[in-house]
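Here is a short briefing on one protein chain. Start with the sheet, then step back to the whole chain.

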Amino acid sequence: MHINETDSQAKHQQEWLNSCVDEEIIALNVKSLHGTLPYEYLLYSPKISRRNDGRLRDRDLKKYQHIELGGWWCNGVDPLNNYVLMMWGCFKPDHPRRDRQKIHKFIKYEHPYREETRAFFLLVPNRIWVKVSNRSGIPITEEDLQHPGGFWHWVWRHNIPVTIVEGVKKAGALLTAGYAAIAIPGVNAGYRTPTDEYGTASGKPSLIPDLKHFATQGRQVNICFDQDNKPETVQRVRTAISRMGRLLVNEGCSLRVIDLPLGPEKGVDDFIVAKGQPAFDALYNTAVALELWEIKLFTLLTYPPAIALNQRFLGQLLVPEGEKLIILKAPKGTGKTEWLATEVAKAHDLGRRVLIITHRIQLGEALCDRFGVNYVTEVRTNETGALLGYGVCVDSLHHESQARFNPNDWTNDIVIIDECDQVFWHLLNSGTEVQKRRVSVLKNLKQLVQNVLGSSQGKIYLSSADVSDTDVKYVLSLAGEYRVNPFVIVNNYRHIAGNCYNYSGTNPKNLIAALDKAIAKGGHHLLCCSAQKAKSKWGTQALEERFRRKYPHLRILRIDSESVADPSHAAFGCIAHLNEILTQYDLVIASPSLETGVSIDIRGHFDGVWGIFQGVQPVNSVRQMLARVRETVDRHIWVREWGMSVVGNGSTTIGGLLRSQHVATQANIALLSAADNDDYSFVDQNFQPESLQTWGKRGSVINVEMRRYRESVLAGLVEDGYTIINADDADDDESGAVIESVKAASVELYAAECQAIANSDELSPSELKKLQDKRAKTKTERHQQRKAELSRRYEIEVTPDLVEKDDDGWYPQLRMHYYLTVGREFLTNRDTKRAASQLEAGENSIWKPDFNKGQLLPAVLLLENLNLLQFLTPDVQLRGRDEKMVEFKALAVVHRHVIKNYLNVSISEKLTSIA
């Protein structure tokens, strides 16, 4: 076949130009080859078997004969060999051969035979070098220009961010756009795993030397691989990104993942051609850290939708009668509750009852009001009773509750689990009332799911803006033998949510200063807080007091769990009538009581929504709270950089979380068995593994988000359609005045509360029990209850000082000290009773996270083994360099994994002895 060299070169150049690669980059790195010349580039390895005369064997000549018909070759420089041209590279034949393993496919790219794959470092013209320099903000010195390594030595020396792509043309496209890009020939080519003679992995994976050379401490590395819609390919790519990413992180790199959006553009070069460089710049700027990217799979809904919409409101949707499990995923404020109300009406028309399950009482009451169904507290007093069904908090799904719940009462009925993701997490991890009977509630929920899905006409609705595969798979796993296909409704509408001003700093003083200015101009504002206790400086009560002092004539309403349950407070019972009540106030200060299930639809009232988020709420809860006001008004937020709470031992992987619980449970049972010489083999340690698996998934997501709290919140708000704007800081005088005023208000308010509790009337045991069972309580009654509980807990006089100590977590500290010293002989009996109580409540089944939290013996034994008692001698001062402290640190480092598991304290060799 005659090959026109000029035509061939023009064709190859155009192919690269079509990928948005600079002409000069093409000229420096790409050459057209044909005839026998490609053999010199591809078959040079000494590992290739040859004939005695040195020629290639016939089988290899036959295998590679297609390369004689021409193609293009590309290599680059070798950073491991003084940046000379690398022998290794890739050849794209004009006429590729078939893949013998996948006969319907062709092998698009050839690499040197019998040689290990490497990475591409393309030659870069100075013009592009300057472009990368401008983007990174790192100047090019005369020394850099004179160095033989040129561009790539400059990238290595100055820790310039790099982006790893799959395929050399993509590297060319990103270099053209001003990004330092390294290409590897396939998603798995960035690392190697040693194997034995049978191909079985025989060691741990490691980075290829080329990437390891650039994996320097503190360098930002981005991974941008092709997108695909085939599930098996998606999983393979995800695994490769995780493995290579973890290896880079272990070297000290900051790893981010750039996800290309689903669409016809498979690679980053296609994306830039179709959407333009600014579109890629936006993707680059919103790339997420590896940890956040890895947990993203647990937050996605990948089940194919039966109904896919892209509209402001859901409107009328028809679900076929035979569907059993209906999943509704739609953005906040698009009419999920309204549509569910029509489904409830249809069910009632057909004579079916409806069970509404929520995780908050106020939410349940509000939904029941909109659905025309009684909440469980109204069943006995309302004439319709439970005829139409009722609403209930998930905590009450047991027989001893006010609902007297029995799952066998529900078969051909409708179950609605609104904000299902939050309901399930509350069920699996909350420390509220549900913790006392979690095993019973879990058993009943499983039976309920099976009864409803197993009946001929029963249906279950899961609804949330954040419903994911995790929630759907959980319900399907609870269904057991009843196999159903989810009927998925997805509304992909993404409204422009408006501006969100992000305030910096270690506390929200700049945000409060800005709110002061906004209030001074007039208007109405909603302030969302993550705390409410009087002790919390930035909680609802302290801030209410501060604003009342500063603005005596301002109409202020505080909405939190105490005020909405206080018959003497203006917020009492307001959740069901918010739209009528809120217009009467200038400033509304709300706790997470306003987090979900309410829709503030009033228009033209609120001028701004403000939020102080201190790292105690899950990220999705923050997003939910900010979305309660449906109108597009400016949002203003301060978010703590790191979260304050973790799940389990804080592990960011499912395996790590579950493994820690399994190990702790086995150790606890073994210790109990040895201590009281009793047989615990009857204990069901494998209770509902599907629920524990879901706990692990959710927990790992929350732990990752807590480690990157501010970053996660901001990323979530971008997904919700907000434009994030960094707000200006207040001047020092303004912010200082804010700190002083907030501190003064909170200190005086808290001191008054501690005194009021200490001065409260004494209660008899029966009076205390009655008050504990009472839902609506005045402030006086809450103080009386708290005093009585403290009196019984400490058995000493309740003083303001004792109240403050208890708020600071004094009781668990005292308890640990007691069992570590004078009460050591009673510890086994204490743990045995605790275990017996849980086993009785769970009918010999245990929920591992609760069971492990209830046992103190392992923690006490651990502290004894660490010889902690030597440091409890009064009036003895120790320094970090003292021999005792050095020995203690060494022992703690050795046992750091056990310490993390049982005490949830992270130990690092970098810490000093007194950290």
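Five strands form an open sheet with mixed pairing, in the order E7-E6-E10-E11-E12. Strands E7 (181-184) and E12 (288-289) stand at the edges, each with a single partner strand, so one side of each has no neighbour in the sheet. Two strands count as paired if DSSP finds at least two bridges between them. The model is predicted: local features need pLDDT of at least 70, side-chain atom pairs need pLDDT 80 or more, and totals for chains, interfaces and linings use all residues. Residues are numbered from 1 along each chain as its sequence is written, and side-chain values use heavy atoms, without hydrogens and water.

**Inside the sheet**
- Strand E6 (residues 162-166) pairs with E7 in the parallel sense, over 4 bridges.
- Glu166 stands opposite Ile184 in E7.
- Strands of a sheet pair through backbone hydrogen bonds, either parallel or antiparallel.

**Whole chain**
- The chain has 35 helices and 27 strands; these are DSSP runs (helices H or I, at least four residues; strands E, at least two), numbered from the N terminus.
- Its C-alpha trace spans about 105 × 75 × 65 Å along the principal axes.
- Contacts (heavy atoms within 4.5 Å) with a separation of 6 or more are 73% between residues 24 or more positions apart.

**Burial and charge**
- Buried residues (under 20% relative accessible area, 1.4 Å probe, protein chains only) make up 52% of the 915 residues.
- The chain has 110 positive side chains (Lys and Arg) and 112 negative ones (Asp and Glu); His and the chain ends are not counted.
- The centres of the two sets lie 3 Å apart, with charges placed at NZ of Lys, CZ of Arg, CG of Asp or CD of Glu.

Note on methods: Buried means under 20% relative accessible area, exposed over 50%, partly exposed in between (1.4 Å probe, protein chains only).
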